[in-house]
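Please read it beside the sequence and the model.

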Amino acid sequence: MTHSILCVVGARPNFVKVAPVVHALERLHNVDVRVVNTGQHYDRALAGSFIEHLGMRAPDHDLGVGSGTHARQTAAVLVGIEDLLVELRPDAVVVAGDVNSTVGAALAAAKLDVAIAHLESGLRSRDWSMPEEINRVITDRISDLLLCHCEEAVENLAAEGIAGEKVVVVGNTMIDSLFRLLPVARAGDALARHGLRPGAYVLVTLHRPALVDDPARLGAALDVLAGLTDRLPVVFPMHPRTRAKAGAVATEALERLTVIEPLEYLDFIALESAARVVVTDSGGVQEETSALGIPCLTYRDNTERAITCELGTNHLVGVDPAELARAAKQELERPLTATRPLPLWDGHAGERAANAILELVLRREQASRRSVA
Ligand code: UD1
Ligand code: UDP
């Protein structure tokens, strides 16, 4: 008997998290795996290049959802995934992370009684102004399998009454992709193409609405980053949301920064792995820098990835330009320290996730046979 599993991707971090699970599912017997791309992100640098670099199968279905308000984008995912689920009737749907595609796909599946596996479950910032927090909590509440990347996520779920055999710690699949492709990335010439020397530049990614949609906050952050160029070049692959706002707030600062287009995955991890310091508000970048042992300054008031501060290289700065300047100065003057590997961030999380997903499907099939008998 063949078990059919539909994996949902759509926004940049989804591809990185889901690819190892797709690969592992494809290696299992009697599993028919399909990929649907919602199209939440559509520029090559945010979507198509990831499928290529990660060696993922071309999506079997494209919904072409594109950009829009939260309601419009989520609703388009909901409708598109519902149509597909009615047509395909898969045994399970795999969703990842906390983007609008995640919650839209999960809602469609829940209403059709299709089993949902949520990858990167249980993270909590406790900041309800973040769209991602809403997406995470709703997705976790309606999922049948909660795949966690650390024990802290299990505790967060338990505090909300979600526990038992449906919660499984599998580790971090984003780190599977990183470890698999880092040698390929390093063998390329990304640093040379960008005129950079290893350990001699600051890498920046900022795209969270709370920061970039507020002109005063964004301008102040760019001024601090421009100040760092007295010491080292500051390279800023700029997310389109940030680019749309930055021009109006800080022309002088922008001239001092090396602002470039969002980087394709292999180039980005090459630059990330050789940076002196990374400044970010990205979730995934907090994790990758911890796995790589690269110092990371997170320019946010909270993080759902506390484990990266406890066991990794992440330092939560808060949204205070003076504190960012102080922390960056301190970090640039401090020698690099050795880091410990994080538990189960070992390059094999995708396989553990795939096994857990298959077990979920088998459990559901057994239960439905029992109820018919
Ligand atoms: C989304 C996620 C966020 C994630 C980020 C990863 C939600 C609510 N947010 O934020 O959690 O960290 O992706 O990068 O799901 N745009 C382009 N080209 C594209 C895609 C978007 O130019 O290919 C522009 C559009 O103007 C769009 C804006 O970027 O309106 C924002 O895109 P959207 O997908 O709505 O949210 P992100 O900020 O990317
Ligand atoms: N990333 C990339 N190019 C960039 C910035 C980020 O390839 O210019 C990768 C990064 O290595 C990580 C993922 O994108 O794997 C993180 O996605 P993002 O920061 O957009 O989303 P978040 O993790 O904040 O949801």
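**Note on cavity, pocket and helix packing**

1. The lining of the largest cavity comprises 4 nonpolar, 4 polar and 2 charged residues. Here Ala, Val, Leu, Ile, Met, Phe, Trp, Tyr, Cys and Pro are nonpolar, Asp, Glu, Lys and Arg are charged, and the others, Gly among them, are polar. The model is predicted: local features require pLDDT of at least 70 and side-chain atom pairs pLDDT 80 or more, while totals for chains, interfaces and linings use all residues. Residues are numbered from 1 along each chain as its sequence is written, chains are lettered from A and ligands numbered from 1 in the order written, and side-chain values use heavy atoms, without hydrogens and water.

2. The residues that line this cavity are Lys17, Leu119, Glu120, Leu147, His149, Val170, Gly171, Asn172, Thr173 and Met174. Two or more of them come from each of β5 (115–121) and α7 (173–187); helices (H or I, at least four residues) and strands (E, at least two) are DSSP runs numbered from the N terminus. The volume is about 60 Å³, taken as the space filled by probe spheres set on grid points joined across faces, edges and corners. On a 1 Å grid over the protein atoms alone, a cavity is a set of points where a 1.4 Å probe fits but cannot get out, a pocket is an open set with protein on both sides within 12 Å along at least five of seven lines, and lining residues have an atom within 4 Å of a point.

3. The largest pocket holds about 1000 Å³ of space. Of its 47 lining residues, Ala11, Pro13, His41, His207 and His239 lie nearest the centre. By class, the lining has 19 nonpolar, 15 polar and 13 charged residues.

4. Helices α4 (residues 100–111) and α5 (residues 131–142) pack at about 25°, their axes 9 Å apart. α4 is therefore roughly parallel to α5 (angles under 35 degrees count as roughly parallel, over 145 as roughly antiparallel, 65 to 115 as roughly perpendicular and the rest as oblique). Axes are lines fitted to C-alpha atoms, for helices over the stretch in contact, with angles from 0 to 180 degrees between N-to-C directions. The contact of α4 with α5 has 6 nonpolar, 4 polar and no charged residues.

5. The axes of α1 and helix α17 (residues 349–372) come within 8 Å and cross at roughly 60°. α1 and α17 are therefore oblique to each other. Contact (heavy atoms within 4.5 Å) joins Pro20, Val21, Ala24, Leu25 and Arg27 of α1 to Gly350, Glu351, Ala353, Ala354 and Ile357 of α17.
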